[in-house]
Amino acid sequence: MEIKEDKLKPVLGTFQLWGIAVGLVISGEYFGWSYGWGSAGTLGFLITFFLISSLYFTFIFSFTELSTAIPHAGGPFAYAKRAFGPIGGYIAGFATLVEFLFAPPAIALAIGAYLNVQFPSLDPKWIACFCYFIFTILNIIGVSIAASFELIVTIFAIIELLIFMGVVFPGFKLENFISNGWAGSDHFSIASVSGILAAIPFAIWFFLAIEGAAMAAEEVKNPRKTIPRAFISGIMTLIVLALGVMIFAGGVGDWRKFANINDPLPEAMKVIVGNSSGWLHMLVWLGLFGLIASFHGIIMGYSRQIFALSREGYLPSFLAKIHPTFKTPYVAIFAGSIFGVLVIFSDNIIKIQGQTLSASIVIMSVFGAIIMYIISMFSLIKLRKKEPELERPFRAPFYPYFPIIALILSFISLVSMLYFNFVLAIIFFVLCILCGFYSVFFYNKRRKSKNNNEIPANQLE
């Protein structure tokens, strides 16, 4: 019996893919990062920021070579499988899936909390579920519509960040930013190093998931040109915005008041314009665009990863079904949404290390990202040796230095994460092993079925 392979429809252009790349990440400019000040101080966190910016800068330039040479919906999974075989593919696929599947529930709850401030009668959890419903439907209807929506909300989110910087600029004072800037001290010391390392996850939050745009590679019209343009312009956009937001917010008053809250931008703006300014109300409302852009974009990312893993036999085959009309992986989209809703309603029931479930899975999402970065860079180096004749429309500049720099900084980040989040690390690796056994079962079963029916590998659904 022959099984026909469904194809994703190539419809995306450069500007749309740039919108996806930036939109996946831009909520990180609005919340989450300021906790890094609590660990490292403004100056210490600035060092963390530059280390992580260097990681992402070198990683994206290297990663772009892989995504243009192997334009596949699985992204890192496809690169690692080609370089290291099924086991390498599984590790990269699991890590990427954790990164993209675990982050959206936390973002959905943040949207719910944001609206709950304006409308106290609304339950944040039900708002979060409603977000899943709306954006699940939007993603199923079609990638072109979904990408166009993503581009619009991303542009609004960027405009809002620029407005924030413009409004608070007159009140910026350098002495405010540098005061107690080394983890609460005015002077750098060995003790500051611990804070700098502990702040790594919060700096990663500035850029987490930008690589998800690679999972739309099969839906890009001209991947050879579109992917490099979108990735490179995307990472530059995010570095500039993150640096501007962080510096201006830290220079308008006592930054320690903003260090451990989820809404540092509105609180920083209050120092300049007061509590009742129209600018402040606009920031609160338009700030939703950043959260929505990331939430919507990551749904696109995890659905393509589930689809790709299922299509290759690591997950049940029904998860790879393509909608006959819209040509989108609708079952994978639904599956990820169901997981997200379960997390939302378990948030205050399950606690790990005293943290809510949503807070814990965000850290696990960062673990997934770092593991994926490491295996992707190893895949790049391996494929350069294994397949020197592979067509590479974009080649990583300064090879092998860029991927090596990305590897070193990724390992530093991983060691830091292991030290400060050991219990969550154990949970992550146990899940990896358990899911590995489960995936091997499906993978071997799929291969046996393929051999029995003599179905060509490229026709497997």
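**Packing and cavities**

Modeller: Leaving out residues up to four places away in sequence, Tyr56 touches Ile204, Phe207, Leu208, Ile210, Glu211, Ile235 and Tyr373; contact means heavy atoms within 4.5 Å. This is a predicted model, where local features need pLDDT of at least 70, side-chain atom pairs count only at pLDDT 80 or more, and totals for chains, interfaces and linings use all residues. Residues are numbered from 1 along each chain as its sequence is written, and side-chain values use heavy atoms, with hydrogens and water left out.

Biologist: Which residues touch the most other members of the largest nonpolar core?
Modeller: Tyr56 and Phe164, in a core of 162 residues. Such a core is a set of buried (under 20% relative accessible area, 1.4 Å probe, protein chains only) Ala, Val, Leu, Ile, Met, Phe, Trp, Tyr and Cys residues joined through side-chain atoms within 4.5 Å.

Biologist: Switching topic, how many cavities of 30 Å³ or more are there?
Modeller: The search of the whole structure finds 4. A cavity is a set of points on a 1 Å grid over the protein atoms alone where a 1.4 Å probe fits but cannot get out, and lining residues have an atom within 4 Å of a point.

Biologist: What is the volume of the largest cavity?
Modeller: About 70 Å³, counted as the space filled by probe spheres set on the points, which are joined across faces, edges and corners. Its lining includes Ile20, Leu24, Glu219 and Arg304.

Biologist: And the second largest cavity?
Modeller: That one has a volume of about 60 Å³. Among its lining residues are Leu24, Trp205 and Leu208.

Conventions:
Buried means under 20% relative accessible area, exposed over 50%, partly exposed in between (1.4 Å probe, protein chains only). On a 1 Å grid over the protein atoms alone, a cavity is a set of points where a 1.4 Å probe fits but cannot get out, and a pocket is an open set with protein on both sides within 12 Å along at least five of seven lines; lining residues have an atom within 4 Å of a point.
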